[in-house]
Amino acid sequence: MLVAGLLLSMISPNSAQEMSEPLVIYSGRSQSLVEPIFNRFSEDTGIPIEVRYAGTTELAATILEEGDASPADVFVAQDAGALGALAYAGRLAALPSDITERVEARFQSPAGLWIGLSGRARVLVYDTEQVTPDQLPASLLDLTGEEWRGRVGWAPTNASFQANVTAMRALWGEEVTETWLKDMIANDVRVYPKNTPIVQAAIDGEIAVGLVNHYYLYRFLAEDPSVTAALHYFPNGDAGTLVNIAGAAILNTSENQGLAQRFILYLLGAGAQTYFAEETYEYPLAGGVEPSVDLVSLAEIEVPDLDLSDLADLAGTVRLLTTVGALP
Amino acid sequence: MTDAPSVVRHWGNRIRFPRYSLLATPLQWVATLVVAVAMLPMAYLLWRARETIGSDHIDFLLTANTLRIIGNSILLTAAVAISASIISIPLAWLTTHSDLPGRQIWLVLGLLPLAIPSYLGAVTLTLALGPRGLLQGWLEPLGVSRLPEIYGFSGAWLSLTLFTFPYVLLPVRAAFLNMDPAMEEMARSLGSNRWRIFWRITFPLLRPSLAVGMLLTSLYTLSDFGAVSVMQFTTFTRAIYVQYGLPFFGRASAAFLSLILMALALSLFLLERRISSRLQHFRDISGARRPSKTVQLGRWKYAALTFCTFIISLSVLIPIVVLISWLGRHKPAYALPLDLPTLTQNTLGVAALTACLAAIATLPVAYLVIRSPSQWNRVLYRLAFLPNALPGIVIALSLIFFSTRHLLSIYQTLPLLLLGYGIRFMPLSLGSTRNALASVNLRYEEAARGLGAIPLRALWRITLPLARSGILAGMALIFLNVVKELPTTLLLSPTGFQTYATYIWNSYDEAIFSQIALPGLILIALCALSLIPVFAWDRLLRKGNGHSL
């Protein structure tokens with residue numbers, strides 16, 4: 001038993017330095033993307049944090065399951081849909097005006113329950129060795145064609161993809177969306193766990209095109225400028241080129257409201273926004289920070305006519321994806 | 001210790017001492033508690049399923065999708081069991097009955113796949129044999145621009161076959177070793193040719209062991225999460241994981257699917273138990289036998305060597321070569337920081353802790369069934385084996401449900417992770433602990449008590465030291481399995497807690513393969529090292545019966 005106790009103390013995570021209760025963050029954004037800026041917050045403010053990394057949708061499900069007992073203070077999500085779903089379920093606290101006034105109204109919850117931290121566009125990544133620009137589809141609807149059989153990658157468990165499907169339902173209607181999903185599956189669409197492996201697969205030539213968020217490719221390009229992949233923005237407000245946000249919200253069950261607000265304010269500050277612009281290649285939404293020069297400017301993207309609050313029906317999307325068999 | 005173990009075993013089972021009841025009563029309480037905790041995930045899942053079955057989601061769940069999942073799981077399970085047998089029967093025969101050069105080395109190499117976690121093996125297979133993998137790179141000059149599809153059924157089938165066939169190899173090898181050559185010789189003297197002898201004599205003798213091995217492989221396949229996820233083939237475990245990650249009715253679907261999976265796994269498990277207990281009797285009654293004559297392979301030797309080399313290349317060489325080839329590659333700036341000391345400390349720490357705690361927990365259950373085999377104690381002993389049939393993801397899910405609703409103080413803590421491991425792997429040491437205790441002559445314990453030692457002291461000073469090797473073998477087996485375990489670790493780890501398994505999984509998830517290489521090689525080395533005590537200490541295993549694996 002002595003040995004057991006010793007072992008236990010050895011592996012229990014930072015039990016010694018737990019001076020004050022840490023701020024508990026559930027992050028649906030990848031560890032590799034956001035851990036540096038989270039750590040910087042902790043170093044700058046001296047506020048200890050504890051971050052649980054998992055899929056955005058999975059963490060939304062976890063928060064719903066945990067109910068009032070949720071240990072989470074802040075939820076950082078990679079899309080507006082999951083945040084909207086938690087807002088709808090009555091689990092989020094209203095954000096104070098010194099937070100909400102920092103971001104344009106179209107990038108936050110109409111009721112002030114969640115806020116965008118950075119913007120991202122849905123795009124098509126393509127392998128430049130397999131596809132020339134003139135072969136690129138004009139719409140997502142074209143991807144069900146025979147020439148794309150077995151050559152398209154998607155990530156149905158990924159929150160950003162699910163938000164994209166919610167947008168399709170809003171723009172195309174249920175029936176067209178359902179047919180499209182079924183046709184995609186019948187066309188041997190390839191399934192990946194998330195965005196990064198899709199971009200990797202396009203670079204490796206495993207697929208010709210893939211449905212992803214814009215910024216992943218820039219990370220690959222920063223490592224190796226010679227990678228053979230590029231981004232395609234669908235024209236004419238097609239559902240394939242949605243502008244979404246990665247955002248944050250504070251749980252109404254959190255007893256750390258003050259610290260949680262400081263955390264979100266920090267992420268909206270010039271330092272963090274510069275990080276999102278320069279390190280993760282997203283669109284900064286606050287602090288007067290300009291996006292990286294490599295990016296197509298937000299104004300140039302022909303976005304469909306949708307509000308982010310139109311993306312809250314995650315339940316309906318998940319149900320549809322399960323019904324057609326895109327989700328097992 | 002001059003008595004033959006089999007004689008001692010009978011003593012242990014038959015003689016009862018009323019004065020042991022003093023020890024038995026508190027022990028019995030402990031044993032009952034242990035088994036009750038072990039039953040918790042199963043019981044809670046059934047309890048929770050009421051909500052699902054009562055709700056309006058039930059129609060939605062009983063869709064073609066669920067049927068497809070059941071179909072996929074059964075198809076994969078059967079295919080892996082068959083192909084693992086096709087590999088294992090010749091390998092077992094070659095390493096027991098033939099003059100194959102380096103028989104012992106081939107045997108050790110044939111057991112090494114047990115040290116390769118299925119998810120890691122599957123990742124290396126996709127990197128090697130994927131559409132644009134290592135092999136395609138080598139074949140590029142020959143004009144091969146694309147290899148046939150590995151994702152889906154074929155990849156899942158290939159990887160699970162390659163990394164689980166030792167579960168068939170061990171019992172089949174044991175059967176070959178125990179086979180009395182007299183029958184084959186008699187058949188030959190009556191004029192049968194080799195082929196006929198194999199099908200009419202050898203194969204029927206092999207069948208029970210083969211069935212046990214196939215069922216063990218099937219159970220492993222059914223509960224595997226990593227390989228099917230990597231290969232994107234939707235079986236129960238993958239579907240459960242995906243549904244678990246969906247809000248609203250996702251958790252209910254996951255519970256519902258878990259229930260079906262549990263029923264399927266339990267029936268396979270009970271079937272396996274039935275056959276293997278018959279097998280045990282069958283072995284006990286067969287008397288002294290001569291060792292079989294070694295068959296000269298002659299010119300077939302080269303074919304046999306090619307076969308062995310092929311299998312081992314795929315199942316052992318590919319993973320190691322692929323990992324080594326990725327070692328030196330560029331690590332992107334955004335790769336997850338690799339903190340080897342912490343990963344090692346965490347991995348070894350939870351594995352050692354689980355092994356210790358599980359050994360302590362199994363002791364009363366195993367002791368009682370030997371020393372005081374009442375109806376109740378025998379039922380406890382049998383029940384305690386059941387959780388081993390449950391896939392890790394099912395146990396983890398049930399414990400998450402349970403702790404969020406009823407025991408929040410351990411939710412997302414290390415004790416919950418240890419509980420998950422413990423429940424899943426405790427049965428692995430139960431059999432070997434029982435056998436080890438059974439082989440200790442009761443008279444030693446009696447002598448100690450006659451000299452005035454209280455029962456617990458006699459147990460501590462006399463019985464346990466004598467049973468040590470069997471208990472340690474069980475602990476080593478638990479240790480190995482915890483080090484390899486992915487889904488339980490993934491779901492139950494405290495926030496921020498990483499082991500080799502989860503680190504590798506997360507890096508794979510981000511497609512940062514260069515970050516898998518070093519931890520992957522270390523993980524395989526750790527597993528290979530913990531295989532040594534498993535085989536060295538368990539006498540039953542040394543005789544070749546892979547049962548407790």
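What follows is a chat about a predicted model with a chain A and a chain B.

Reader: Let's start with chain B, how many helices and strands does it have?
Author: Chain B of this predicted model has 26 helices and 0 strands.

Reader: And what share of its residues count as buried?
Author: Of the 549 residues in chain B, 52% count as buried.

Reader: What about its contacts, what percentage join residues at least 24 apart?
Author: If we take the contacts in chain B between residues at least 6 apart in sequence, 83% of them join residues that are at least 24 apart.

Reader: How is chain B divided into domains?
Author: The assignment gives domain 1, made of residues 1-39 together with 339-549, and domain 2, which covers residues 58-282. Where these two domains of chain B meet, the contact takes 29 residues from domain 1 and 33 residues from domain 2.

Reader: Which helices are on the domain 1 side of that contact?
Author: On the side of domain 1 of chain B that touches domain 2 of chain B, at least two residues each come from α18 (392-406), α24 (500-509) and α25 (514-537) of chain B. The helix that gives the most to this side is α25(B), with 7 residues. By class, the side of domain 1 of chain B that touches domain 2 of chain B holds 21 nonpolar, 6 polar and 2 charged residues.

Reader: You mentioned α18(B), so how many of its residues are buried?
Author: In α18(B), 12 of the 15 residues are buried, so this helix is largely enclosed by the rest of the structure. Among the buried residues of α18(B) are B:G392, B:I393, B:F401, B:F402 and B:S403.

Reader: How far apart are the ends of α18(B)?
Author: The end C-alpha atoms of α18(B) are 21 Å apart, and this agrees with the span of 21 Å that its 15 residues should have at 1.5 Å a residue.

Reader: Now helix α6 of chain B, how many of its residues are buried?
Author: For α6(B) the count is 12 of the 12 residues, so the helix is largely enclosed by the rest of the structure. The buried residues of α6(B) include B:S118, B:Y119, B:G121, B:T124 and B:L129.

Reader: Let's switch to where the two chains touch. How many residues does each one bring?
Author: The contact takes 45 residues from chain A and 41 residues from chain B. On the side of chain A that touches chain B, the elements that each supply at least two residues include α1 (2-11), β2 (49-53), α3 (56-66) and α12 (314-324) of chain A.

Reader: Which one gives the most?
Author: That is α3(A), which gives 7 residues to the side of chain A that touches chain B. The residues of the side of chain A that touches chain B divide into 23 nonpolar, 12 polar and 10 charged.

Reader: What are the domains of chain A?
Author: The domain assignment of chain A gives domain 1 as residues 20-119 plus 244-297, and domain 2 as residues 121-242 plus 313-324. The C-alpha centres of these two domains of chain A lie 25 Å apart. In the contact between them, 17 residues of domain 1 of chain A meet 14 residues of domain 2 of chain A.

Reader: Which helix gives the most on the domain 1 side there?
Author: On the side of domain 1 of chain A that touches domain 2 of chain A, α4(A) gives the most, with 4 residues. By class, that side has 6 nonpolar, 8 polar and 3 charged residues.

Reader: And the strands of chain A, is β9(A) mostly covered or mostly open?
Author: Strand β9 of chain A, residues 243-250, is mostly covered, with 7 of its 8 residues buried. Strand β3 (residues 74-77) of chain A is joined to β9(A) by 4 bridges, and the two run antiparallel. Strand β4 (residues 115-127) of chain A is joined to β9(A) by 6 bridges, again antiparallel.

Reader: Which residues stand opposite A:G247?
Author: A:A77 stands opposite A:G247 in β9(A), and A:G247 is also the bridge partner of A:G116.

Reader: Last topic, how many residues are in the largest nonpolar core?
Author: The largest nonpolar core has 276 residues, and those with the most contacts inside it are A:V74, A:F75, A:V125 and B:V365. Helix α16 (residues 340-371) of chain B provides the largest share of this core, 17 residues.

Reader: What is B:V365 in contact with?
Author: Leaving aside its neighbours within four places in sequence, B:V365 is in contact with B:A31, B:V34, B:V35, B:L380, B:Y381, B:A384 and B:L430.

Note on methods: Residues numbered from 1 in each chain as written. Chains lettered and ligands numbered in written order. Predicted model: local features only at pLDDT ≥ 70, side-chain atom pairs only at ≥ 80, totals over all residues. Contact = placed C-beta atoms within 7 Å. Nonpolar A, V, L, I, M, F, W, Y, C, P; charged D, E, K, R; others polar. Domains from an automatic or database assignment. Expected span 1.5 Å × (residues − 1). Buried ≥ 20, exposed ≤ 12 C-beta atoms within 10 Å, placed from the backbone. Pairing = 2+ DSSP bridges. Core = buried A, V, L, I, M, F, W, Y, C linked by C-beta atoms within 7 Å.
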